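Keep the viewer open and follow along, topic by topic.

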Protein chains: 2
Amino acid sequence: MSSLHPTPDYISLAHGNGGRLMQALIASVFMAPLGMDTPEMQSDAAPLVLPEGVVVVTTDGFIVKPLEFPGGSIGSLAVHGTVNDLAVAGADPCYLTLNALIEEGLEYALLKRLIEDLAQAAKACGVQVVAGDTKVLPKGEGSGLYLATTGIGVRPVGLHWNMAQIQPGDVILVSGPVGDHGTAVMLAREQFGLRGEVYSDCASVVPLARALRELPGVRFLRDPTRGGVATVAWEVAKGVGCTVHLQEKAIPLRDPVATVCEILGYDPYYLACEGRVVAVVAPDQAATVLVRWQALAQGAAAAIIGTVEAGRPQVILHTALGGQRILPELEDDPLPRIC
Amino acid sequence: MSSLHPTPDYISLAHGNGGRLMQALIASVFMAPLGMDTPEMQSDAAPLVLPEGVVVVTTDGFIVKPLEFPGGSIGSLAVHGTVNDLAVAGADPCYLTLNALIEEGLEYALLKRLIEDLAQAAKACGVQVVAGDTKVLPKGEGSGLYLATTGIGVRPVGLHWNMAQIQPGDVILVSGPVGDHGTAVMLAREQFGLRGEVYSDCASVVPLARALRELPGVRFLRDPTRGGVATVAWEVAKGVGCTVHLQEKAIPLRDPVATVCEILGYDPYYLACEGRVVAVVAPDQAATVLVRWQALAQGAAAAIIGTVEAGRPQVILHTALGGQRILPELEDDPLPRIC
């Protein structure tokens, strides 16, 4: 006996019309894996139970291509991208909302797999998806799947990591190798004939941020996503009105990433990470931050990579050969659609 | 003398790369009109000040085509759609987050106008946009602009409007004429050669919801968006396990909407509203609800349109001619992309 309503192979416009097919899609692909199939979740607006502290909110959109890549997918990325923005603000992520814009013709099984990735990542981060919405885009007006997530978290009262805290003399650290995510997505997308052992670093940085939370002298944390470490350095330089000095030899970089970038002419300092943190800290706390990060598996390769100095807003890379190179502010897109 | 960085005419991929052009776009098109150009808004995660009560959250995506239509635009819709979901949950909307997926090649001036619509609607609703993200889609992989908003509101403790409260004998009301939004968008999109005086009803329903908040016997509110009043009726029928009876003569319908639907063969009960509320209330409260709604300008045409009765889950329309017609559950999309 076959079911009256068999699972379709592909998404159709009727999956977005508010009717029966849409309800079936939402129930099976979204609600069940996300643990939203409870009565209190069936309302148009979900009530939240929030711990003590300052409630913070952030949002992010995801248009990565391809939808799956070594080390992650748009599903896991949509969790980590938003959770990490909460983490670097000093918050514990609590809840997520999810928007899915699905292109007509997307393989049903692929969509299911991507949302399962999302559900698994959310579970691992301890966040609950509490509200969602799906829309179906006509074929040719999307690219398979776009996601947007909004994250709600709670930060301890009195914690103020922000750029205004930064002072000349402060030290810059990064929690691990740079450029992995951008390189992995690029290799998955383009047909370069290159085969590298490159995986996206896509992961929650909550443990890295939490490890610094009680430390004095921590000024500012940022996850170097679009535009990479160089763009965070520029943000600091312009935001604080100072010169950022980076030491090329100190910036952790995996060999295959360095090789791919060399062959293809990309600068790894502009490529996105999705599981790293850049921290700016008081000089007398830099060693402590380094030790705390290196004690974590995902911070094993953490390093002190530069300093913030008085001077005009610019970013200077001190090269491995002893020279200096001004890293320009990102203008044209080296690698679109990596998040 | 010309500016070094003149305003571009069209969105390019570089507006999405995290670099200088993106920062300029965000500053001029988003932050300034949305009142986000303050120091405390420059962080990756915005702190919220929330009044007493239960915090609730909801999210919605917007893919309406065309981007502007009589009575509104994707900008105003992106506010009202989400704010209204909070309102029918009994909450006062407080904050919004905004995701914009912009297609390469979109006219810069149009984007600016749409976000100004959004800013104006947010201001009128008393909600502050506190976080946002923009992505640029390559030309041909979008449809101009997609938006998603997440709304955070606060609901009085002890207010529990939800479907589980509904009992046989309850009465159904609608706050105004149905089908205006769907019809207005359809006329703006298609080249039917029809010219109607049809405007979208796109508006905040917060005043309509707030007017009922202290009343006993209010069971359930819903804004009849995708799928229209018929789909809300089906939601109730299936959610409660009962038969919903609707009285055709009682359902408010503007003449031009009725005419357009008749000519084109659409059923107005399935067409979206974006500024109406359906309420299910105890029979002894129906008159009070009607009076309270009719006292408001946007509820002037409010009406009692049906009842919830014991019986199998279905929706029966009692026609103006004295017959009965079963309104089927929405299956195929009568009118895609109206929100």
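Contact here means heavy atoms within 4.5 Å. With that in mind, helix H1 (residues 20-31) of chain B lies across S5 and S6 of chain B and runs at about 135° to S5(B). Please remember that this is a predicted model. The briefing starts with the meeting of the chains and then turns to the sheets and salt bridges.

**Where chain A meets chain B**

- Chain A brings 66 residues to the contact, and chain B brings 66 residues as well.
- About 5100 Å² is buried between chain A and chain B, and carbon and sulfur atoms give 53% of that area.
- Between the two chains there are 33 residue pairs in polar contact, both residues being at pLDDT 80 or more.
- On the side of chain A that touches chain B, the elements giving two or more residues include helix H1 (20-31), helix H2 (74-88) and helix H6 (228-241) of chain A. Strands are on that list too, among them S2 (54-62) and S5 (92-103) of chain A.
- By residue type, this side of chain A divides into 29 nonpolar, 19 polar and 18 charged residues.

- Which strands make up the open sheet of five? The order is S1(A)-S2(B)-S7(B)-S5(B)-S6(B), and the pairing is mixed.
- S1 of chain A and strand S6 (128-137) of chain B stand at the edges with a single partner strand each, so one side of each is left without a neighbour in the sheet.
- Neighbouring strands of this sheet are turned by 20° against each other on average, with direction ignored.
- Strand S5 (residues 92-103) of chain B and S6(B) run parallel and are joined by nine bridges. Within S6(B), Leu137(B) is the bridge partner of Glu103(B).
- Helix H3 (residues 108-125) of chain B packs on the sheet, where it touches S5, S6 and strand S7 (145-155) of chain B. The direction of H3 makes about 15° with that of S7(B).
- Strands also pair between the chains at S2(A), which three bridges join to strand S1 (residues 46-48) of chain B in an antiparallel run. There, Val57(A) has Ala46(B) in S1(B) as its bridge partner.

**The seven-stranded sheet of chain B**

- This open sheet of chain B has the order S9-S11-S8-S12-S10-S13-S14, again with mixed pairing.
- Strand S9 (218-222) and strand S14 (324-326) of chain B are the edge strands, each pairing on one side only.
- From one strand to the next, the twist averages 25°.
- Strand S10 (residues 243-247) and strand S12 (residues 303-309) of chain B run antiparallel, joined by four bridges. His245(B) stands opposite Thr307(B) in S12(B).
- Helix H8 (residues 286-294) of chain B lies across strand S8 (171-174), S9, strand S11 (278-281) and S12 of chain B, and runs at about 5° to S8(B).

**Salt bridges**

- Side chains of opposite charge can pair when their charged atoms come close.
- How many salt bridges are there over all chains? The count comes to 32.
- Glu68(A) and Arg113(A) meet through their side chains in a salt bridge, at 2.9 Å from N to O. This pair links distant parts of the chain, 45 residues apart: Glu68(A) is in strand S3 (residues 68-69) and Arg113(A) in helix H3 (residues 108-125) of chain A.
- Between chain A and chain B, the count is eight salt bridges. One salt bridge across the two chains is formed by Asp133(A) with Arg226(B), whose closest N and O atoms are 3.1 Å apart.

How values were computed
Residues are numbered from 1 along each chain as its sequence is written. Chains are lettered from A and ligands numbered from 1 in the order in which they are written. This is a predicted model: local features need pLDDT of at least 70, side-chain atom pairs count only at pLDDT 80 or more; totals for chains, interfaces and linings use all residues. Side-chain values use heavy atoms; hydrogens and water are left out. Buried area is the accessible area (1.4 Å probe) that two parts lose on being put together, summed over both. A salt bridge is a side-chain nitrogen of Lys or Arg within 4 Å of a carboxyl oxygen of Asp or Glu. A polar contact is a pair of N or O atoms within 3.5 Å; within protein, one must be able to donate a hydrogen and the other to accept it, and residues adjacent in sequence count only if both atoms are side-chain atoms. Ala, Val, Leu, Ile, Met, Phe, Trp, Tyr, Cys and Pro count as nonpolar, Asp, Glu, Lys and Arg as charged, and the others, Gly among them, as polar. Two strands pair if DSSP finds at least two bridges between them. Axes are lines fitted to C-alpha atoms, for helices over the stretch in contact, and angles run from 0 to 180 degrees between N-to-C directions.
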